[in-house]
Amino acid sequence: MAVSEGQHSFEALAARRSGAASARTDLARFAAVGASGYVVNLAVFVLLERSLGRPHALCATGAFVAAVVNNYVWNRLWTFQRRPGRLSRQVPSFVGVSLLGLLVNLAVLHLLIALGFPPLLGQAVGVLAAMPVTFLGSRLWSFPAPLERAPVRGRVDTAVYRAETRLAAAGERLARYTWVIRWWAFSRVLVLGSALVVQALAWPRASWYPPVLEHPLALLGAWDGRWYRMVAEQGYFVVPQHQSDTAFFPLFPIALRLLGALGLSLTTGGLILANLGFLVGLIALYELARTWVPEQDARRAVVYAALFPAGFVFSMVYPEGIVLALVALAGVFAARGRWITAGIFAALATLARPEGVFLVLPLAAIAVGQWRTLDERGRMWASWGALAAPTALIALCFYEYRAVQDALAFSHAQLAWGRWTSADGVVRAFTELEHASELHREWLYRDAAFCAVYLACLALALRAGVPKSWVAAGALIVLLPLSSGSFTSDARFGLLALPVYCGLAFAARRRWLDVSLRVAGAAMLAASSATILLHWP
Amino acid sequence: MIVRVVGRVVGVAALTVALGAAAYGLLEVGVTHASADERLVARTLSVLQSTRGSGAVITLDGRRLVATCRARHIGNATVSLDDGTELHLWRTHVSRVATSSERELLVREPADLVSAEANLAGSHDLYSRELTATLLGGHVDVQATRLGSRSVYALRLGDGSPLVQLFVERASLLPVAARYVSSTSSGTSDLVAATRLHAGGPSGC
């Protein structure tokens, strides 16, 4: 049936008005529910603090959980009643949105207090600042509209509706990654849960642990976490003939300092950064792996990365989580020809971990592959992007020379840990492995076993069709540390060799093998998380 | 063609330098810098670790003692006082292995007497270990002062309780004196000139 211009305009106007009115109603109801959540939060906090006498942090956590439950129930039953959905999808996303809102709230609160505002006013403004984030997140992600809206043309009536239109695409993209978020959440529950359990049991060294209620997850701040916190607090400093913090790359401590400025402790900030970085890393790994292998293999690669037994490191106060994200994002953007973004991510990855510098290989290969299709300007940016990682390393050398008068301080510092790079380093590594039991270094067997697994997976990745440049970068990440004379920590280093996960996915195409790997991976991840205190990763 | 290629190379070089400068700037702004005092302590540590002491002339609670020290193994030394007392240093731990007859006559010996004697005896290895702990513990305290006619830095060892100070020459950073003050003991020492770690002669500490 033909539709006249007048009829079309009328329908568009009606749709616009209906959409705007719906958004206004939702916003009003959402605000009312938020207010009720605020009351519930305060009430539960007072109840827990006064009647049970629990520590403030625990009371605040309990109050937050109660408020989130209250808000979710009312939003599902009332605010977004026209937008039904499965609980298994809505609950995790709603909790995620609530946590994001809490972060915004805390950030604004601390900023205003730092500027001299009274705390109550700061909290009031913080709550208001978080509201648009939580409202749009809830409306677009947790409670999305069941049917796609008809396109609306012309000027949009309200600010909320306009923002909604802009963010709709982002919301849809986010919804596509819900399965990634589920695997991330599941694997992190295993790691964090194991860490909490061993801390509660004070195993294996009771004297090491602080009280679990005062410092939960202290285990995840152990080992190198102390060094990263030291860099964040004091900067670089070489203590002659002593272990020095110059061995630890600077980006992660810089980020810890920034979060510290928002009022978070360095350990808390590190845990948030590492775990959220890992989530972004998994999503980026999925996008990158899709460019290498078939969709199902890419999905399995992400699942194996989430459940990888050494992957508890992604939840510690270590930079591996964000480096995974930066490396994968550099690859994704380079593959899409967005070289400025790719170069920035590559540089940041190199400032966070030395493994980042190996991005020069795949990025150069991608640039060469795209060369014929690029114009002059594109070629310039592609060359720049490929050189970004080594450029960042050179900048770090300059900085260390100025700060501690040694351009290679990050490498020389390894000497205090008994590692130094030499031509016979690999021989020394195997000699150490041979005498591991006599030297009481049995944990070397773990690292050597992971090294072997990584190499096998890289070979499989090559067969699966992963580009050679990425496999070569992965091999360098796994093998180059051996030139410093030890297998120590190779299990951790290899986590950033992204093709490893695709190799595993290629090997486990059979259903029974896939299920076995998932079950074994989850069990080993929980076990290795529980044994963090026995030996450094 | 050549102009285009040269233009591209120059462009890439300029952009790369800009990226390097941005990365350097990020580090300059983002990473905390060590203080001048911390840097001075680090330089002093280098000096202490490449030299050794051989003893000191101690004035402690009104008594005058001459201390000599010799290394036994790494981190392990013996301090002999001219009153017959012998101390065993193991890293930053000290114990008495022989007591003088004069000491046995004391009615009440200060609880930290051994610690005071060890800190004043001129062991560079002990000073270096204490200074390292001070540095890592964030307790650095440096004062520019004068010792007689000499310009020196007074470096505090430990967290200030008891007060242990090492005086080093401003120019060479070589240790020249030490001071120990607690609620029960107080004393100073003039350190015997230092020798290079790998130089010949009697083994110091």
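1. A contact here means heavy atoms within 4.5 Å. On that basis, residues 24 or more positions apart make up 74% of the chain A contacts that have a separation of 6 or more.

2. This is a predicted model, in which local features need pLDDT of at least 70, side-chain atom pairs count only at pLDDT 80 or more, and totals for chains, interfaces and linings use all residues. Residues are numbered from 1 along each chain as its sequence is written, chains are lettered from A and ligands numbered from 1 in the order in which they are written, and side-chain values use heavy atoms, with hydrogens and water left out.

3. Chain A has 21 helices and 0 strands; helices (H or I, at least four residues) and strands (E, at least two) are DSSP runs, numbered from the N terminus. Of its 537 residues, 50% count as buried, that is, under 20% relative accessible area with a 1.4 Å probe and protein chains only.

4. How do the axes of α6(A) and α9(A) cross? Helix α6 (residues 178-201) and helix α9 (residues 266-290) of chain A have axes that come within 10 Å and cross at roughly 140 degrees. Axes are lines fitted to C-alpha atoms, for helices over the stretch in contact, and angles run from 0 to 180 degrees between N-to-C directions. The angle therefore makes α6(A) oblique to α9(A), since angles under 35 degrees count as roughly parallel, over 145 as roughly antiparallel, 65 to 115 as roughly perpendicular and the rest as oblique.

5. Residues of α6(A) that meet α9(A) include Trp179(A), Trp184(A) and Leu192(A); among their counterparts in α9(A) are Phe278(A), Leu282(A) and Tyr286(A).

6. In chain B, 10 strands form an open sheet with antiparallel pairing, in the order β6-β5-β4-β3-β2-β11-β10-β9-β8-β7. Two strands pair if DSSP finds at least two bridges between them. The edge strands, β6 (93-98) and β7 (142-147) of chain B, each pair on one side only. From one strand to the next, the twist averages 25 degrees.

7. Within this sheet, β2 (residues 55-60) and β11 (residues 186-191) of chain B pair in the antiparallel sense over 5 bridges. Val57(B) has Asp190(B) in β11(B) as its bridge partner.

8. Two hairpins deserve attention. β4(B) and β5(B) form one with 4 residues between them, and Gly84(B) in the turn has a positive phi of about 100 degrees. β5(B) and β6(B) form a hairpin with 2 residues between them, where Arg91(B) in the turn has a positive phi of about 55 degrees.
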